[in-house]
Amino acid sequence: MVHYIADSAVFIMGKDIDPGTIITVSSVVEELRSSEASLRFELAREGGTRVELPDPLIRKKVLEIAEGTRDVEELSSTDIDILSKALEYKDDAVLLTDDYAVQNVAHVLGIEVMPVAQKKIRDVLQWQKECTGCHRRFDKGDVCPVCGCTLKKRRKRKI
Ligand SMILES: [Zn+2]
């Protein structure tokens with residue numbers, strides 16, 4: 001049986017998945033601020049969604065990997081929790097997240113990832129423009145608005 005490991009985006013945006021197959025962590029639930037997201041979570045829970053705590057030993061391993069890929073600075077404590085839970089169920093788990101750093105670490109850990117929103121934001125976020133003069137980074141454009149030098153396309157992050 002496939003377990004869908006859900007980050008907060010699943011409850012914030014909604015995802016058409018059998019709630020009985022969803023597992024999340026308590027820190028995700030604590031992050032849900034809007035009443036809409038809380039309601040979605042309550043409905044999912046009634047439908048069988050499980051809330052679990054991450055295993056401390058697995059969590060430690062995830063932290064080590066994230067430090068190795070330098071994603072650790074962009075990961076919240078909740079992100080580490082959700083990655084730990086996905087790793088725990090790795091062989092039957094699909095991690096539902098749109099967070100780029102989380103996707104990156106999941107990739108290294110061999111965890112299958114499915115985006116929550118339909119389009120893959122990963123493809124959009126993967127590139128940035130860097131100024132050849134002052135090395136400032138921008139999301140788009142051909143000429144630096146600060147110093148006027150040419151912008152070059154650059155990978156935002158290596159996978
Ligand atoms: Zn510049």
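Biologist: Which residues does Ala-9 touch, not counting residues up to four places away in sequence?
Modeller: In this predicted model, Ala-9 lies in helix α1, which covers residues 8-13. Once residues up to four places away in sequence are set aside, the contacts of Ala-9 are Gly-14 and Val-116.

Biologist: Is Ala-9 buried or exposed?
Modeller: A residue counts as buried under 20% relative accessible area. Ala-9 has 12% relative accessibility and therefore counts as buried.

Biologist: What distance separates the C-alpha atoms of Ala-9 and Val-28?
Modeller: Ala-9 belongs to helix α1. Val-28 is 19 residues apart from Ala-9 along the chain, and the separation of their C-alpha atoms is 9.3 Å.

Biologist: What distance separates the C-alpha atoms of Asp-55 and Arg-40?
Modeller: Asp-55 sits in the loop between β3 and α4. Its relative accessible area is 29%, so Asp-55 is partly exposed. Asp-55 and Arg-40 are 15 residues apart along the chain, and the distance between their C-alpha atoms is 26 Å.

Biologist: How many helices and strands does the protein chain have?
Modeller: The C-alpha atoms of the protein chain fill a box of roughly 55 × 35 × 25 Å along the principal axes. Of the 159 residues in the chain, 42% are buried. The secondary structure of the chain comprises 7 helices and 8 strands.

Biologist: What distance separates the centres of domain 1 and domain 2?
Modeller: The domain assignment places domain 1 at 3-114 and domain 2 at 126-155. Taken over C-alpha atoms, the separation of the two centres is 34 Å.

Biologist: Among contacts between residues at least 6 apart in sequence, what percentage join residues at least 24 apart?
Modeller: A contact here requires heavy atoms within 4.5 Å. Among the contacts in the protein chain that join residues at least 6 apart, the share that joins residues at least 24 apart is 53%.

Biologist: How are α4 and α6 oriented to each other, roughly parallel or roughly perpendicular?
Modeller: The axes of helix α4 (residues 56-68) and helix α6 (residues 100-109) come within 10 Å and cross at roughly 105°. Angles of 65 to 115 degrees fall in one class of orientation. The two helices, α4 and α6, are therefore roughly perpendicular.

Biologist: Which residues in α6 are met by Val-62, Ile-65 and Ala-66 in α4?
Modeller: By class, the contact of α4 with α6 has 6 nonpolar residues, with no polar and no charged ones. On the α4 side are Val-62, Ile-65 and Ala-66, and their partners in α6 are Val-105, Val-108 and Leu-109.

Biologist: What is the phi of Arg-70, which is not a glycine?
Modeller: Most residues other than glycine have a negative phi. Arg-70 is found in the loop between α4 and α5. At 64% relative accessibility, Arg-70 counts as exposed. Although Arg-70 is not a glycine, its phi is positive, at about 65°.

Biologist: Where does His-135 lie?
Modeller: His-135 is not a glycine, yet it has a positive phi of about 65°. The location of His-135 is the loop between β6 (127-131) and β7 (137-138).

Biologist: How many residues apart are Lys-85 and Glu-52?
Modeller: The side chains of Lys-85 and Glu-52 form a salt bridge with an N to O distance of 3.0 Å. Lys-85 is in helix α5 and Glu-52 in strand β3, so the pair links distant parts of the chain, 33 residues apart.

Biologist: Are Lys-85 and Glu-52 buried or exposed?
Modeller: The cut-off for burial is under 20% relative accessible area. Lys-85 and Glu-52, which meet in a salt bridge, are both buried.

Biologist: Which parts are tied together by the pair of Asp-142 and Lys-129?
Modeller: Asp-142 and Lys-129 meet in a salt bridge at 3.5 Å, N to O. Asp-142 counts as exposed at 57% relative accessibility, whereas Lys-129 is buried at 18%. The pair ties together parts that are 13 residues apart in sequence, namely the loop between β7 and β8 and strand β6.

Biologist: What is the N to O distance in the salt bridge of Glu-130 and Arg-137?
Modeller: Glu-130 is buried, with a relative accessible area of 14%. Arg-137 is partly exposed, with a relative accessible area of 34%. Their side chains meet in a salt bridge with an N to O distance of 3.3 Å.

Biologist: Which residues do salt bridges that share partners join into one network?
Modeller: The count of salt bridges comes to 8. Those that share partners form one network, whose members are Arg-50, Glu-52, Lys-85 and Glu-88.

Technical notes: Residues are numbered from 1 along each chain as its sequence is written. This is a predicted model: local features need pLDDT of at least 70, side-chain atom pairs count only at pLDDT 80 or more; totals for chains, interfaces and linings use all residues. Side-chain values use heavy atoms; hydrogens and water are left out. Axes are lines fitted to C-alpha atoms, for helices over the stretch in contact, and angles run from 0 to 180 degrees between N-to-C directions. Helices (H or I, at least four residues) and strands (E, at least two) are DSSP runs, numbered from the N terminus. Angles under 35 degrees count as roughly parallel, over 145 as roughly antiparallel, 65 to 115 as roughly perpendicular and the rest as oblique. Ala, Val, Leu, Ile, Met, Phe, Trp, Tyr, Cys and Pro count as nonpolar, Asp, Glu, Lys and Arg as charged, and the others, Gly among them, as polar. Buried means under 20% relative accessible area, exposed over 50%, partly exposed in between (1.4 Å probe, protein chains only). A salt bridge is a side-chain nitrogen of Lys or Arg within 4 Å of a carboxyl oxygen of Asp or Glu. Domain bounds come from an automatic or database domain assignment.
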